[in-house]
Number of protein chains: 2
Amino acid sequence: MKSDATLQTRSGCPINLTLELLGDKWSLIVLRDIIFGNRRHFRELLNHCQEKIPSNMLANRLKRLEQAGVLSRAPDPSHKQKVLYSLTEQGIELFPLLAHASSWGLKYLPVSDELGARAQVLAAGGEPLWRDFMDELRAEHLGAKRDQRQISVRERLQQAYLDAVQ
Amino acid sequence: MKSDATLQTRSGCPINLTLELLGDKWSLIVLRDIIFGNRRHFRELLNHCQEKIPSNMLANRLKRLEQAGVLSRAPDPSHKQKVLYSLTEQGIELFPLLAHASSWGLKYLPVSDELGARAQVLAAGGEPLWRDFMDELRAEHLGAKRDQRQISVRERLQQAYLDAVQ
């Protein structure tokens, strides 16, 4: 994006530019579901969104995130008719922002037990856990190699959620 | 906010709840100007906003942030007719979110040299610098005592900005 000076922006402040891209009620919800829910197809993102994102909104946000370089899209290798969405490195580097939003919300807002269970693991693990999870995302989305750990962060988050809904 | 179950929310997910409060184009701009610009009065926030926030929008966002417990308001001790806005501890703990948005924007979006200068200092200093700055904010907004350092983070950020606009 650095060289794209054709966008109309309110100012060249980095916080403002980030908000112009992501400062709405849905963009980070879509990224959350891709990152934590590992949802990579349009239908999954539409049908499993807790907040019931409207179909046209989801299509719009996926397109904007792709244009901004946060997501990439390609035919799914295992199902050619389907489009597979992947995080780019730029998208993966938004993870700390989501993790901070999660930890702050957990501490100060009326979070439900079920949907707060993963947030507790994230908050307790802090930056080292976040770095591990970002490495897992690089393996899943960019095909990067990663150290095989005994149990992945994704599995730990999923287990915390399952424990909470039981 | 923890006990306030009367709000209509889309879900109890901590990321969603944080977005429902802060996921718009202006809330974090107002917080940015309070935090980095040290603007504590309505007129300062209105007149010096780079993005030219409309007056009714500023009033609305200040009220929402106060109701959410992110800001507090009180008569200015040095000028009783004026209202002074202060960050609460809950507001100060949003700082890492802004710092990440700043660093990410600096890396990936078409940031201007002038408005990116402070972001470079923030990104280079990382978490230790952020913690120091949060301590300064606690001193400025909550009256907390702090270690007197040779030069404050606020001064360093300001100097970087002045160097860039020269």
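Tutor: What follows starts with the contact between the chains and then moves to the parts behind it.

This is a predicted model, in which local features need pLDDT of at least 70, side-chain atom pairs count only at pLDDT 80 or more, and totals for chains, interfaces and linings use all residues. Residues are numbered from 1 along each chain as its sequence is written, while chains are lettered from A and ligands numbered from 1 in the order in which they are written.

Start with the two chains. Their contact takes 44 residues from chain B and 43 residues from chain A (contact: C-beta atoms, placed from the backbone, within 7 Å). On the side of chain B that touches chain A, the elements giving two or more residues are H1 (14-22), H2, H6 (95-108) and H7 (113-142) of chain B. Helices (H or I, at least four residues) and strands (E, at least two) are DSSP runs, numbered from the N terminus. H6(B) gives the most to this side, with 10 residues. By class, the side of chain B has 22 nonpolar, 13 polar and 9 charged residues. Here Ala, Val, Leu, Ile, Met, Phe, Trp, Tyr, Cys and Pro count as nonpolar, Asp, Glu, Lys and Arg as charged, and the others, Gly among them, as polar.

Now the symmetry. A rotation of 180 degrees, with 0.0 Å of shift along its axis, superposes chain B on chain A with an RMSD of 0.0 Å (least squares on C-alpha atoms of residues with pLDDT of at least 70 in both copies). That is the relation of a two-fold axis. The same surface serves both copies, since 98% of the contact residues of chain B recur in chain A.

Zoom in on one helix pair across that contact. H1 (residues 14-22) of chain A packs against H2 (residues 27-35) of chain B at an angle of about 170 degrees, with the axes 10 Å apart. Axes are lines fitted to C-alpha atoms, for helices over the stretch in contact, and angles run from 0 to 180 degrees between N-to-C directions. The angle makes H1(A) roughly antiparallel to H2(B) (over 145 degrees; under 35 is roughly parallel, 65 to 115 roughly perpendicular, the rest oblique). H1(A) brings Ile15(A), Asn16(A) and Leu19(A). H2(B) answers with Leu28(B), Ile29(B) and Arg32(B). That contact has 4 nonpolar, 1 polar and 1 charged residues.

H7(B) leads on to another helix pair, within chain B. The axes of H7(B) and H8 (residues 153-165) of chain B come within 9 Å and cross at roughly 175 degrees. H7(B) is therefore roughly antiparallel to H8(B). Among the contact residues of H7(B) are Ala117(B), Val121(B), Leu129(B) and Phe133(B). Those of H8(B) include Val153(B), Leu157(B), Ala160(B) and Tyr161(B). The contact residues divide into 10 nonpolar, 1 polar and 8 charged.

Next, the domains of chain A. The assignment gives domain 1 (12-87) and domain 2 (94-166), with bounds from an automatic or database domain assignment. Their C-alpha centres lie 18 Å apart. The contact takes 8 residues from domain 1 and 7 residues from domain 2. On the domain 1 side, helix H2 (27-35) and strand E2 (79-87) of chain A are the elements giving two or more residues. H2(A) supplies the largest share, 4 residues. The domain 1 side divides into 6 nonpolar, 1 polar and 1 charged.

E2(A) also has a strand partner. E1 (residues 71-76) of chain A runs antiparallel to E2(A), joined by 6 bridges (strands pair if DSSP finds at least two bridges between them). Leu71(A) stands opposite Leu87(A). A hairpin joins E1(A) to E2(A) through 2 residues.

Chain B has this pairing too. There, 6 bridges join E1(B) to antiparallel E2(B). Ala74(B) stands opposite Leu84(B), and Pro75(B) has Val83(B) as its bridge partner. E1(B) and E2(B) form a hairpin with 2 residues between them.

Methods:
Two residues are in contact if their C-beta atoms, placed from the backbone, lie within 7 Å.
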